[in-house]
Amino acid sequence: MLIAILPMLLQQASSMGASHTHVRAAFVAPTVTTARVGLAPISLDGRLNEPDWMLVQPVTELRQVDPDEGALVSERTEVRILYDGDALYVGARLFDREPGKIIRRLARRDASTHSDEFTVFIDGYHDHMTAVRFSVNPAGVKGDQLEGGDGEFSDKSWDPVWEAATTIDSLGWTAEIRIPFTQLRFSAAHQQVWGVRFEREIRRKNEVALFPFVPKTERGLASRFGHLEGLTRLGTPRHLEVLPYALARGQYHKPENATDPFNPASSYYASGGLDLKYRMRSNLTFDATFNPDFGQVEADPADVNLTAYETFFEEKRPFFVEGSNIFTFGGSGGGA
């Protein structure tokens, strides 16, 4: 009996091993090719009419995660990537057979607009663990985010300097994105391969499509990116950024006693300071601050608090949020 069972167990173990190997090898990262822009610069106007956009083959194989998992995106999509000595350009032609139904809403930066959206993820180090996310909706609302731990945690406080322009026309809508290399982190190699991923959301259909496609049952973010090839001679540009501020305040009131020296009728206050950022290398940045402003960098959103707990607003001063993801050791997950 043992002799008869042993070959059966070995056969099952072999088949399980083969099945496991098949699962691990099921994801083959596709390749996305980019090209260097010619003499004519890319005009960031939301219209992909420059001839250089035709230098590369578009990515069209976006597949749905929702609602029809694995099916091609329901509206034709074409995405291209170009670059020059200063920046990376992403151009997306997002066709729509019913352009009048494209949902576009205005909102704050990084806020959820519940509208159509195009997103690009970039893994500059190609370490399959970290990535940066840039998104834009048809109204031009931008969002950006740091991703760490292969999608296990993220940081929305990261606000790089980048540009995006969008246009809605009879064919659908287009997104044109310019990301300066000074805002990205990458090696100094002469020829480089980055990780890249594209996402399209069609809100009225509750549709989300990805390239490369990753099933909902599988985990991972940066480890499931495609390979962006064709990047050469990027160099390591140095970058100096100075953010000064000035603050003035005046206070006027009627003193109860005009002769009170501690309660004057008017008082004035002035202050100033600056934040400094210097990129020494592509992977090393020097940050400094002098007399940081303890007010909000941007106005906090209106909030009506009827609870017994105090309202908490996130830290927005650049010096105090720069690199904060280094100290994030875990999270509630995220993944793909």
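## Report on a predicted protein chain

Of the 336 residues in the protein chain, 37% count as buried. The model is a predicted one. Its secondary structure consists of two helices and 17 strands. Among contacts in the protein chain with a separation of 6 or more, 64% join residues 24 or more positions apart. The accessible surface of the chain is about 19,500 Å², and carbon and sulfur atoms contribute 56% of that area.

### The second largest pocket

The second largest pocket has a volume of about 760 Å³. Its lining comprises 41 residues, of which E117, T119, R133, E199 and E201 are the closest to the pocket centre. By class, the lining residues are divided as follows.

| Class of lining residue | Number of residues |
|---|---|
| Nonpolar | 11 residues |
| Polar | 15 residues |

The greatest contribution to the lining comes from β8, which supplies five residues.

### The loop residue F181

Where in the chain does F181 lie? F181 is located in the loop between β11 (172-180) and β12. Is F181 buried or exposed? The relative accessible area of F181 is 1%, and because buried means under 20%, this residue is classed as buried. In sequence, F181 and L234 are 53 residues apart, while their C-alpha atoms are 8.3 Å apart in space.

Methods:
Residues numbered from 1 in each chain as written. Predicted model: local features only at pLDDT ≥ 70, side-chain atom pairs only at ≥ 80, totals over all residues. Heavy atoms only, no water. Helix = DSSP H or I, 4+ residues; strand = E, 2+ residues; numbered from the N terminus. Buried < 20%, exposed > 50% of the residue type's maximum accessible area, 1.4 Å probe, protein only. Contact = heavy atoms within 4.5 Å. Areas by Shrake-Rupley, 256 points an atom, 1.4 Å probe, with all protein chains shown as cover. 1 Å grid on protein atoms, 1.4 Å probe; cavity = no way out; pocket = protein on both sides within 12 Å on 5 of 7 lines; lining within 4 Å. Points joined across faces, edges and corners; volume = space filled by probe spheres on them. Nonpolar A, V, L, I, M, F, W, Y, C, P; charged D, E, K, R; others polar.
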